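Please look over the structure shown here, which is a predicted model. The questions that follow take up a pocket and then a group of aromatic rings.

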Amino acid sequence: MRHSKRTKLTVEDINAALRVKNVEPLYGYMQGDSPKFRKTTVNSTDVYFDDDEEIDFDTVLNKPLPKIPLDVTFTAHWLAIEGVQPAIPQNPTPNDAKAELLSKRNKTHASSNGITTDQVNVKPLVKHVLSKELQMYFERITEAILNDNERLQSQAFESLRLDPGLHQLLPYFVQHIHKKVAQNHKNLDILEAMLSMAHALLNNKHLFIEPYVGIHAEDE
């Protein structure tokens with residue numbers, strides 16, 4: 001600012017000073033419109049000052065008032081509780097599902113060259129799609145559990161035991177354990193790894209695993 005002989009400090013001045021001090025500059029802040037200066041003469045000396053916009057008060061006062069903004073409101077409802085959709089006005093009813101199914105059936109029953117097809121593709125109303133991040137996490141965890149590196153195994157088990165964001169992956173982990181146990185019932189190493197994996201999931205306080213794992217106890 002002083003080198004430019006200005007009296008107004010700008011963001012670029014701060015970034016330039018930080019770069020001189022070998023400090024990382026600020027991000028997210030940028031210089032706006034460059035200031036405009038006007039020239040005037042005071043006692044035979046040229047003086048430059050910021051050119052402030054002149055505002056006509058009559059014009060401002062005669063303008064119509066802007067509309068009052070609406071208050072921010074929000075509502076919350078349960079989309080599903082433990083996998084069961086409650087019957088509330090915000091959720092679709094069974095009649096709505098039947099109506100949508102009938103509309104799809106009517107669209108599918110289209111005649112082509114005088115031939116009518118009766119094949120109807122019924123898709124579920126809710127589609128479960130995993131993000132790429134969750135898919136990568138699932139692959140790395142399942143690979144680390146069967147890895148010979150004990151450090152990777154312990155890190156994978158710790159993640160399954162403590163991570164609070166595994167709700168969407170829980171059915172996939174349960175299916176993976178079931179598949180590995182069924183295919184490797186004579187491989188003690190894999191069985192031990194799957195047992196440790198199930199133990200880590202059961203000890204995760206953020207997961208509700210009962211809807212995915214059925215535990216039946218019989219009295220002898």
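**Pocket lining and aromatic pairs**

Q: Which helix gives the largest share of the lining of the second largest pocket?

A: In this predicted model, the second largest pocket has a volume of about 220 Å³, and its lining includes D189, I190, E192, A193 and S196. The elements that contribute two or more residues to this lining are α5 (150-162) and α7 (188-202). The largest share, five residues, comes from α7.

Q: How many residues of the lining of the second largest pocket are nonpolar, how many polar and how many charged?

A: Among the residues that line the second largest pocket are I145, L146, N147, D148, Q153 and F157. Sorted by residue class, the lining of this pocket divides into five nonpolar, three polar and three charged residues.

Q: Which class of aromatic pair do F138 and Y172 form?

A: A pair of aromatic rings is described by the distance of the centres and the angle of the planes. A search of the whole structure finds two aromatic pairs, and in the one formed by F138 and Y172 the centres are 6.5 Å apart, with 70° between the planes. The pair links helix α4 (residues 132-145), which holds F138, to helix α6 (residues 170-183), which holds Y172, across 34 residues of the chain. Planes over 60 degrees apart count as edge-to-face, so the 70° between the planes of F138 and Y172 makes this pair edge-to-face.

Q: Which class of aromatic pair do F138 and F173 form?

A: For F138 and F173, the distance is 5.2 Å centre to centre and the angle between the planes is 35°. Because F138 lies in helix α4 and F173 in helix α6, the pair ties together parts that are 35 residues apart in sequence. Planes under 30 degrees apart count as stacked and those over 60 as edge-to-face, so the 35° between F138 and F173 makes their pair tilted.

Q: Is F173 buried or exposed?

A: Ring pairs link F138, Y172 and F173 into a cluster. Buried means under 20% relative accessible area, so F173, at 0%, counts as buried.

Q: Which residues does T142 contact, leaving aside its neighbours within four places in sequence?

A: T142 is found in helix α4 and, at 10% relative accessibility, counts as buried. Its side chain has a polar atom 2.8 Å from the backbone oxygen of F138, and the side chain of T142 also reaches the backbone oxygen of E139 at 2.9 Å. Leaving aside neighbours within four places in sequence, the residues in contact with T142 are F173 and H176.

Key
Residues are numbered from 1 along each chain as its sequence is written. This is a predicted model: local features need pLDDT of at least 70, side-chain atom pairs count only at pLDDT 80 or more; totals for chains, interfaces and linings use all residues. Side-chain values use heavy atoms; hydrogens and water are left out. On a 1 Å grid over the protein atoms alone, a cavity is a set of points where a 1.4 Å probe fits but cannot get out, and a pocket is an open set with protein on both sides within 12 Å along at least five of seven lines; lining residues have an atom within 4 Å of a point. Grid points are joined across faces, edges and corners, and a volume is the space filled by probe spheres set on the points. Helices (H or I, at least four residues) and strands (E, at least two) are DSSP runs, numbered from the N terminus. Ala, Val, Leu, Ile, Met, Phe, Trp, Tyr, Cys and Pro count as nonpolar, Asp, Glu, Lys and Arg as charged, and the others, Gly among them, as polar. Rings of Phe, Tyr and Trp (its six-membered ring) pair if their centres lie within 6.5 Å; planes under 30 degrees apart count as stacked, over 60 as edge-to-face and the rest as tilted. Buried means under 20% relative accessible area, exposed over 50%, partly exposed in between (1.4 Å probe, protein chains only). A polar contact is a pair of N or O atoms within 3.5 Å; within protein, one must be able to donate a hydrogen and the other to accept it, and residues adjacent in sequence count only if both atoms are side-chain atoms. Contact means heavy atoms within 4.5 Å.
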